[in-house]
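Hello,

Here is the structure we talked about. Please open it alongside this note; my findings follow below.

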Amino acid sequence: MRAGTASRLLANAAVWGYAFLILGPTLWVLSNAFKYKIDIITGATFAPVTWSNFEALLFSRQAHFLLNLLNSAIVGVVSTAIVIVCATMAAFTLTWLRVPSWVRWPLLGWALLFHMLPTLTFVGSWYLMYASVGLQGTYLAVILTHVVHNLPVALFLMISFVGALPKDLFEAARMDGCTYGQVFWRIAFPLVRGGMIAATALVFIFSWSDFAIALTLSSTSTMTAPVAIATFAQEYDIRYGEMAAGTILSIIPALGLILVGQSFIVRGLLAGAVK
Amino acid sequence: MTVSRDRDDKARRNRRWIVVSLAPTIVLLVVLTIFPVLNMFGISFFDVKWSGGSPIFSFIGLDNYRRLFAGEVVYWAGVRNTIIFALSAVTSQMVLGFSMALAVRAAGSVGRTLLTGIFLMPIVIPPIVIGTMWRLILGREFGLANILLGLVGIPQVDWLGDPRIALASVIFVDIWHWTPFVFLLMLAGLESLDQEILEASRMDVTSFWQAVRHVIIPMMLPTILITLMFRLILSFKVFDEVYLLTSGGPGTSTEVVNFSIYRTFFAQDQVGYGSAMSVVTLLSITLLIIVGRGVVQRRAAARSSRR
């Protein structure tokens, strides 16, 4: 399919037009973070630049946003670490070792189904569970729920990465007398590191982005950044400037990952979607 | 003697590895997903009152379900809106995403890395931030949309407050949000197609559109069906954007199932009734997933047997 100059131009106009539709509104909103409230309200496109929104958001007396960002980071890092360790071990065993089928199929089937079911149908039940054991509102509640929420997608990602390793390697290692555990730590683990990075990036983004779980299971002291941003919008006098400033601060990890690991994210997204 | 003891020892360690490597995943899934479902099913037969922070349960049999199927209005408005939302948003995303991928595949594009980076943005930015952004853009008085309309002399539109267009606005935001994802998947699919078959088919087809209709779409069908299924299921999860954009309003015009469940549980404290709602939603979507996967797999099987 070789195309002429005209259709080349049209195709580029279409995709770059869409890219502009993504960038334009995003930049407009983000620019509000650097404007005074009066300029936002009057819709001034070019206005004096100010850092006052960031100062109010981060350092004013009633500000909690630094704490919210810290909470997001704690929950994201801890839950991602647990997810990746569990998923990588399980993926290796499910892919290369003999697991009884009454364990294998219910596990994979339920993981897939749970991954597809709306999170909101579970939050009520989680809330009651944590409340009855006194964990409601703690880091542990939010972290554990993030772990189980992201475990299926990490499991399927890691199965696709572990499954792509050459089979001969494992057989050779077993001939040499390695136990399963040694095969995993010495052979599979170093080889699948690229896949683990892709899964880590994706799972961290999911955890960082989560709203529904953090909204229902966190308390004032464990509240994450997305929940905090939502509360700005719920107040009677919406603080547009601080909302935009919070938005900028909370998309930094996502943008950083795009800049550093674009190929990893694309790889992870594609592998995760075809399951 | 020592050899066989070594072997026993090794077999035991191998069995232990299998248990140890699977246990965390299984325990987490059982305790935090299977148990909550069973618990929810049980609670759906109770009326739950809160007294001093602890729940008091009284058994009421099927009353919660009877109420849901006979007397409920908001939840069913949510079901209707969720279906409209899912079908129209996903259809638009598929058509737009596939067309753009086809155009880029056929004609090439400049700045692929930058383009991919920009298209990844809506996918990795937290959904609540997307909701915030569009709330600012679609705001009635000083949103970008109305500012731009004002420049060409069109009067202000209340994008999120007018019951006739609020749902359309939410659908628009979702199309904006997820078309890039479909585009990236479709482009990857198109790039992995067998080049020899594509070249050979050039002899038989006369136009680009014929090639698309008779060669590319049939070859892409598995990818298309899987993406469609994936997006459809994700769109039934919609919550974050609606929470921030409209909270289901005005009236019930943008109410979605997930929001009804949230409100029943957390704003109205009707735990038993909320559980019944969750159970009904869970079972319906499970059924949908099983039927959907069946169709996808039958289509895939039919295709491979025809070859």
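What pattern does chain A follow, read along the sequence? The pattern is α-α-α-α-α-α-α-α-α-α-α-α-α. Chain A has 13 helices and zero strands. Helices (H or I, at least four residues) and strands (E, at least two) are DSSP runs, numbered from the N terminus.

Some ground rules. This is a predicted model: local features need pLDDT of at least 70, side-chain atom pairs count only at pLDDT 80 or more, and totals for chains, interfaces and linings use all residues. Residues are numbered from 1 along each chain as its sequence is written, while chains are lettered from A and ligands numbered from 1 in the order in which they are written.

**Chain A overall**

The C-alpha atoms of chain A fill a box of roughly 75 × 65 × 30 Å, taken along the principal axes. Of its 275 residues, 48% count as buried. Buried means 20 or more other C-beta atoms within 10 Å of the residue's own; exposed means 12 or fewer, and partly exposed lies in between, with C-beta atoms placed from the backbone.

**Where A meets B**

In chain A, 80 residues are in contact with 78 residues of chain B. Contact means C-beta atoms, placed from the backbone, within 7 Å. Helix α1 (residues 5-31) of chain A gives the largest share of chain A's side, 15 residues. By class, that side has 61 nonpolar, 18 polar and one charged residues. Ala, Val, Leu, Ile, Met, Phe, Trp, Tyr, Cys and Pro count as nonpolar; Asp, Glu, Lys and Arg as charged; the others, Gly among them, as polar.

**One helix pair**

The axes of α1(A) and helix α4 (residues 112-124) of chain B come within 10 Å and cross at roughly 50°. Axes are lines fitted to C-alpha atoms, for helices over the stretch in contact, and angles run from 0 to 180 degrees between N-to-C directions. Val15(A), Ala19(A), Ile22(A), Leu23(A) and Thr26(A) meet Leu115(B), Ile118(B), Phe119(B), Met121(B) and Pro122(B).

**Thr33(B)**

Thr33(B) is found in helix α1 (residues 2-43) of chain B. Why does Thr33(B) count as buried? Because it has 22 C-beta neighbours inside 10 Å. Thr33(B) touches Phe114(A) and Val148(A), not counting residues up to four places away in sequence.

**Helix α11 of chain B**

Eight of the 11 residues of α11(B) (residues 257-267) are buried, so this helix is largely enclosed by the rest of the structure. Among them are Phe259(B), Ile261(B) and Phe265(B). Just after α11(B), Asp269(B) takes a positive phi of about 55°.

Best wishes

Technical notes
Contact = placed C-beta atoms within 7 Å.
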